[in-house]
Amino acid sequence: MSMFTHMLAILFGMGSWVSINGLWVELPLIVPQIPEGWYLPSYLSVLIQMANVGPLFVTLIHRFRPGALNETTVIYVIIILGTVASFLLGFFWKETVLVAGVPRSLALLVLTFFLAAVDCTSSVTFLPFMMRLQPQYLTTYFIGEGVSGLLPALVALIQGVGVVHCINTTQSLNHTINTSNSAGNYDLQAQYQPSNFSAEVFFFFLSAMMLVCLVAFLLLNHHPAVVREHPNPRYTNGTNENSQSRRTWAEQRPMMDPFRHQNHKSRSSFGTGSYSWMQVVYIFVILAWVNALSNTVLPSVQSYSCLPYGNNAYHLSATLAAVSNPLACFIAIFVSIRSLVFLGFLTVLGTGIGSYIMLMAALSPCPLLAEDTSGAAVMVLAWIFFILSLSYVKVIIGVILRDEGHSALVWCGAVVQLGSLLGAVTMFPLVSVYGLFSSGDPCNTSCP
């Protein structure tokens with residue numbers, strides 16, 4: 001294996017969700033300066049789900065007109081679109097337009113939709129493209145996908161987004177300025193610190209990351225060192241340039257798998273036939289479930305679960321959870337357990353940890369051990385192991401489906417988006433409409 005190709009796979013995977021992940025971590029800096037205020041996260045959730053029209057279109061074309069869509073061309077288009085949209089955000093994110101007499105951040109919302117369409121469509125195009133490379137590089141790609149969430153979070157930390165200082169304030173009982181001779185009520189007030197650099201610079205950084213992804217994709221397609229590592233020059237890449245027989249070969253040819261008998265009996269018409277239809281349904285149900293939990297359900301309540309334990313607990317859980325994703329992918333390079341029973345066990349374990357996090361979010365602003373240091377430690381560890389376990393499941397399922405052929409990876413990306421969609425549709429009314437969760441104050445959490 002080539003370290004150069006590994007690095008390109010990481011940089012390519014990094015472009016998959018870096019734009020939307022970056023937009024989310026920048027919200028504390030954006031929200032005070034736009035008319036939508038804290039309604040913006042709700043708008044973003046709706047826009048991201050509307051953007052699933054991209055992967056839906058690709059999946060339907062692949063299903064009903066196999067080979068009609070040039071996968072490489074689609075990837076070039078969406079990466080360039082993501083680069084341009086991120087760059088334009090740096091200039092227009094604060095611009096407002098009167099809509100029905102009310103100022104709206106129309107440019108921000110439109111450009112966000114394009115970014116969401118890029119990132120959602122990457123799920124059904126980037127993964128199948130990795131069929132061009134040896135199976136080992138798929139895990140490296142997942143590391144890059146994890147970095148797409150970690151890197152913007154680290155840059156936002158350097159920027160100082162959401163950094164809170166708790167300061168003593170005095171509210172005089174007789175409302176006089178001079179409190180030296182009057183009794184006062186002392187309280188802690190959260191004061192958000194100014195950022196080290198502007199949101200414009202951050203958006204230009206996101207644009208640069210998409211440009212890096214574009215360069216990596218160019219090299220993955222054309223660099224001689226990478227081309228030599230293609231499994232077989234007859235790989236069709238899902239286009240009409242080759243004959244139907246070659247497409248069939250690319251779809252059905254199993255990769256070398258030490259866990260599979262070479263003369264195995266076909267158990268279904270899915271992929272290479274290694275799995276029965278019951279097992280295929282089991283795999284895809286787990287895939288949809290873990291993506292719903294890790295991509296939308298639990299992230300939508302992260303602030304509710306962490307802020308009652310303090311601002312440090314919130315930042316630690318967000319940062320270390322982001323680190324856990326690529327760490328799980330790195331572990332999968334050396335320890336790849338494909339047992340469906342083991343994947344089910346990890347899914348149940350991650351779901352159990354996620355249930356604890358959800359329970360603490362529901363109990364906010366007074367969850368268990370809210371005023372104890374151990375409570376913050378448990379919450380941070382819960383987020384780490386939640387993301388670690390479910391990320392490992394996602395990677396191994398991706399590796400399994402990669403061996404089942406190009407179509408299996410297309411359906412893998414579609415199910416990832418479906419799971420995320422179902423999670424968002426479930427949580428949006430609970431959080432934004434019915435208001436079932438109450439946020440804790442990072443400086444003043446007082447519980448009986």
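Author: Confidence comes first. Helices (H or I, at least four residues) and strands (E, at least two) are DSSP runs, numbered from the N terminus.

This is a predicted model, so local features need pLDDT of at least 70 and side-chain atom pairs count only at pLDDT 80 or more, while totals for chains, interfaces and linings use all residues. Residues are numbered from 1 along each chain as its sequence is written, and side-chain values use heavy atoms, with hydrogens and water left out.

The protein chain averages a pLDDT of 80, and 81% of the residues score at least 70. Two stretches call for care. Residues 179–185 stay under 50 in pLDDT. The model has 13 contacts for them beyond four places in sequence, a contact being heavy atoms within 4.5 Å. Residues 233–262 are also below 50. That stretch has 61 contacts in the model beyond near neighbours in sequence.

Now the pairs. Side chains of opposite charge can pair when their charged atoms come close. A salt bridge is a side-chain nitrogen of Lys or Arg within 4 Å of a carboxyl oxygen of Asp or Glu. By this rule the count comes to two.

Take Lys94 and Glu200. Their closest N and O atoms are 3.8 Å apart. Lys94 sits in the loop between helix H6 (71–92) and strand E1 (97–99), and Glu200 in helix H10 (residues 199–222), so this pair ties together parts 106 residues apart in sequence. Lys94 has 40% relative accessibility and counts as partly exposed. Glu200, at 22%, counts as partly exposed too. The scale runs as follows: buried is under 20% relative accessible area, exposed over 50%, partly exposed in between (1.4 Å probe, protein chains only).

Then Arg338 and Asp403. These side chains meet in a salt bridge at 2.7 Å, N to O. Arg338 lies in the loop between helix H15 (311–334) and helix H16 (340–363), and Asp403 in the loop between helix H17 (373–402) and H18, so the pair ties together parts 65 residues apart in sequence. Both Arg338 and Asp403 are buried.

Methods:
pLDDT is the predictor's confidence in each residue, from 0 to 100.
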